[in-house]
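Hi there,

Could you have it open while you read?

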Amino acid sequence: MIDREQVLHVARLARLELSEDEVSRMTGELSAILEHIEKISALDLDGVPPTTHVVDVPNALRPDVPRPCLPREVALANAPAVDDDGFSVPSPTA
Amino acid sequence: MSDIVALTAAQAAAAVGKGDLDPGELFEAYRARAAADDLNAFVWVAGEDATRANGAGGAGGASPLGGVPLGVKDLFCTEGVPSQAGSKILEDYRPPYTATVVRKLAEAGAPLLGKTNQDEFAMGSSNENSAFGPVLNPWDRGRVPGGSSGGSAAAVAAGTAPWAIGTDTGGSIRQPAALCGIVGLKPTYGSCSRFGMIAFASSLDQAGPLTRDVTDAALLFGHMVGRDDRDATSIQFPEEVRRPTAQRLDGIRLGVPDDLTGEGVEPGVMARFEATLQIARDLGATVERVPLPHADYGLSAYYVLAPAEASSNLARFDGVRYGLRRDADDLLTMYTKTRHDGFGPEVRRRILIGTYALSSGYYDAYYGRAQRVRTKIADDFRSAFERVDLIVTPTSPGVAFELGAKTADPLAMYLNDYFTVPMPLAGIPAISIPCGLSEDLPVGFQLAGPAFSENRILDAAYALEQAIGFDNSPARA
């Protein structure tokens, strides 16, 4: 259903590290879940529109009035690392 | 007031309003009980300073909710108070703002009592997926309380909170309410603002009350609804939420889904369900079978849509702006290590399913098809509600199961949601009320109606509740 390579590919897309053990366990578990999900492929859905929103709402507009946003120090208060009044991260190219 | 905890929230609010009960005494009675909670239902409890703030002369006395304190599921953001969504990746996260529904309830006189335990990011049906440990069911401490709002349900059942709020994406209010012998309402999508709710699956998530009885649910829900500029999917509730008063069900047509034959449902649960249908008939309701031909596909569609939306929503937890970070020399390794260590196994599993379902080449086969199934399910309900007023089912196929019984098999755990998943897919409201015991454990009875039919649902649930006479006091002993 889903093989080891696909699990590794999806984990890369999701920015999720998996140990060797986890890769084999997920391969089995995800296959079982996907098999259950496959049930929907049996339905004839030609011409059925997708539901993107369950309750009809017209465009939700509000007046475009400026209002204060979070002060910088508050926005940074929970950050694991702060440098120069901004979020600090390791280099993308190191 | 000798036995504060014996009062329902509505009774306590009324006693405060009449001056018979001091709101500070009320708050402290529950604060002390919550602080001594031994079910692991709370992950944070207000301090004694909160009792002083909520005492006589505080907000309680003249307010509609009387100062009756509120248990709040951990995934609601509360300013300056830990809001961790049951996840290690948000351990000790203290948000700079408060969720709209929590703010509205506090303003109406239901101050924050504590934050309640939950399955991580609301993913689970047993509360065993919390980074802060499982919650125990007060009816039997060897069993789960249900999930994902398991802490809120257990706290209300055990009387360590007079009432609480939770969120429901595929059953996360109704199923734990059923397993703990209390009332849980999942409102129409859009009734309550999602602003400040840490998102799981945005097109399905709704906040709602978990309470000791139907009257408390109506009272709390009435102060949660309303359009919010900060949630573009929120809608003004079209009528006032009324306190339910119905004693009879004359003329009410109840529909039982065609495919509900008892297969896959515990015999004791089915027996309580049938007995409740008889009570409904005795109160004047008619019961008929209704076709819901696509309900059986609900679970499959749900386990595409919810993980897909979750994989997108949970992309924000990357160790940059808040929460856990695992240090590394380069950015990509920092992301992957942080997310590996911060998320528990079920969350990782769902992120992977969701990412797979949304990945190039698979989108149409999974997410696109699931959205079409969603349309069919909503159409089924629309047709059914031309024939009946409310659709009824058992809330959960079984009673509370033993801790650890289903953790090894994710799919078996998902089947718990069989009866609760179709309603959020269609955006419609549903309530679970206790309808008796099976094997000495509570059984839930679910009533669902069309969008914005909460008043009708609450009325029918109230009439049934009076006739059933379920005794929930053993859980508070």
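The contact between the two chains takes 56 residues from chain B and 43 residues from chain A, where contact means that the C-beta atoms of two residues, placed from the backbone, lie within 7 Å. On the side of chain B that touches chain A, the elements giving two or more residues are α9, α10 (331–342), α11 (345–358), α12 (364–387) and α13 (410–414) of chain B. The largest share, twelve residues, comes from α12(B). Helices (H or I, at least four residues) and strands (E, at least two) are DSSP runs, numbered from the N terminus. By type, this side of chain B divides into 28 nonpolar, 14 polar and 14 charged residues; Ala, Val, Leu, Ile, Met, Phe, Trp, Tyr, Cys and Pro count as nonpolar, Asp, Glu, Lys and Arg as charged, and the others, Gly among them, as polar.

A word on conventions: this is a predicted model, in which local features need pLDDT of at least 70, side-chain atom pairs count only at pLDDT 80 or more, and totals for chains, interfaces and linings use all residues. Residues are numbered from 1 along each chain as its sequence is written, while chains are lettered from A and ligands numbered from 1 in the order in which they are written.

Next, the domains. Chain B is divided into domain 1 (4–250 + 390–476) and domain 2 (296–369), with bounds that come from an automatic or database domain assignment. Their C-alpha centres lie 27 Å apart, and 27 residues of domain 1 of chain B are in contact with 22 residues of domain 2 of chain B. On the domain 1 side of that contact, α13 and α14 (422–426) of chain B each supply at least two residues.

The largest nonpolar core has 170 residues, and those with the most contacts inside it are Ala154(B), Val304(B), Leu352(B), Leu390(B) and Ala461(B). Such a core is a set of buried Ala, Val, Leu, Ile, Met, Phe, Trp, Tyr and Cys residues joined through C-beta atoms within 7 Å. Helix α9 (residues 298–313) of chain B gives the most to this core, with nine residues. The core draws at least three residues from each of domain 1 and domain 2 of chain B. Leaving aside neighbours within four places in sequence, Val304(B) is in contact with Ile37(A), Ala357(B), Tyr366(B), Tyr367(B) and Ala370(B).

Now for the strands. Five of the five residues of β3(B) are buried, so this strand is largely enclosed by the rest of the structure. (Buried means that 20 or more other C-beta atoms lie within 10 Å of the residue's own; 12 or fewer is exposed, and in between is partly exposed.) Strand β2 (residues 70–73) of chain B runs parallel to β3 (residues 112–116), joined by four bridges, and also runs parallel to β4 (residues 163–168), joined by three. Strands pair if DSSP finds at least two bridges between them. Gly71(B) stands opposite Gly114(B) in β3(B) and opposite Ala164(B) in β4(B). Gly114(B) is also the bridge partner of Val45(B), from strand β1 (residues 42–45) of chain B, which runs antiparallel to β3(B).

Last, helix α4 (residues 100–107) of chain B: its buried residues include Val101(B) and Leu105(B), and the buried residues of α4(B) pack against β2, β3, β4 and β6 (206–211) of chain B. Just after α4(B), Gly109(B) takes a positive phi of about 105°.

Best wishes
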